[in-house]
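Student: Could you walk me through this one? I'd like to start with the ground rules and then go region by region.

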Amino acid sequence: MPDTLNVRPLTLRLDRLATPIGELLLLADEEDRLRSLDWSDYEHRMALLLRRHYGAGGWKTVRDRDPGGLSGRMAAYFEGDLGSIDGLPSATGGTAFQRAVWQALRAIPCGTTISYRRLAERIGRPAAVRAVGLANGANPVAIVVPCHRVIGSDGSLTGYGGGLERKRWLLAHEGAAHSQG
């Protein structure tokens with residue numbers, strides 16, 4: 001955990017965005033990089049992840065409308081411009097393994113899905129399927145780091161931190177085929 005006694009707290013700019021599937025919380029740093037993106041009904045989880053990554057008192061939030069244009073690009077995604085979120089800058093904590101999984105997630109093309117097993121193979125850790133699933137679930141930048149594109153080996157929808165209905169909606173929005181199982 002970071003030493004917060006001698007370090008100025010990280011200032012995170014918070015915006016709230018209405019979407020067809022609920023209110024989205026967006027946190028950006030002073031360099032306009034996404035630090036967290038999650039649903040308002042999971043705000044407690046977001047705060048827990050922030051504490052894990054930056055320590056108690058290691059950050060403060062201030063309200064900001066469309067920090068760095070990030071909210072506008074997210075709104076465009078929900079309005080049908082699926083490519084608007086490609087390349088959005090992000091900065092996340094996490095272990096080296098988690099960051100490798102999150103980087104691999106960003107390489108999954110919009111409109112496609114991948115299994116946890118295949119994702120583990122892509123990062124060169126074919127036996128780490130469960131660890132990949134845990135890293136996927138700890139992703140602090142939902143949608144932009146598209147953890148919703150990961151499905152079961154049989155094509156069925158599996159867990160998503162925002163709930164399976166949101167996962168189903170996001171995949172349909174992107175035109176991804178998957179089993180309804």
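Student: What should I know before reading any values?

Tutor: This is a predicted model, in which local features need pLDDT of at least 70 and side-chain atom pairs count only at pLDDT 80 or more, while totals for chains, interfaces and linings use all residues. Residues are numbered from 1 along each chain as its sequence is written, and side-chain values use heavy atoms, with hydrogens and water left out.

Student: OK, which residues of H5 are buried?

Tutor: In helix H5, residues 129-137, the buried ones are Val-132, Ala-135 and Asn-136. Buried means under 20% relative accessible area, exposed over 50% and partly exposed in between, with a 1.4 Å probe and protein chains only; helices (H or I, at least four residues) and strands (E, at least two) are DSSP runs numbered from the N terminus.

Student: Why do they line one face?

Tutor: Seen down the axis of H5, the buried residues fall within an arc of 105 degrees, so they line one face of the helix; the arc is that of the directions from the helix axis to the C-beta atoms.

Student: And what is on the face turned away?

Tutor: That face of H5 carries the exposed residues Arg-130, Leu-134 and Gly-137, whereas the buried residues of H5 pack against helix H3 (96-106), helix H4 (116-122) and strand E6 (150-151).

Student: Switching topic, which residue does the "active site" annotation cover?

Tutor: The UniProt annotation, from an unreviewed entry, covers Cys-147, and such annotations may be inferred rather than shown by experiment. Cys-147 sits in the loop between H5 and E6 and is buried, with a relative accessible area of 8%.

Student: What is Cys-147 in contact with?

Tutor: Leaving aside neighbours within four places in sequence, Cys-147 is in contact (heavy atoms within 4.5 Å) with Leu-105, Asn-136, Asn-139, Tyr-160 and Lys-167. Of these, Asn-136 already came up as a buried residue of H5.

Student: Is Ser-156 buried or exposed?

Tutor: Ser-156, in the loop between E6 and helix H6 (164-174), is buried, with a relative accessible area of 11%. The side chain of Ser-156 makes a polar contact with the side chain of Asp-154 at 2.6 Å; such a contact is a pair of N or O atoms within 3.5 Å, where within protein one must be able to donate a hydrogen and the other to accept it, and residues adjacent in sequence count only if both atoms are side-chain atoms.
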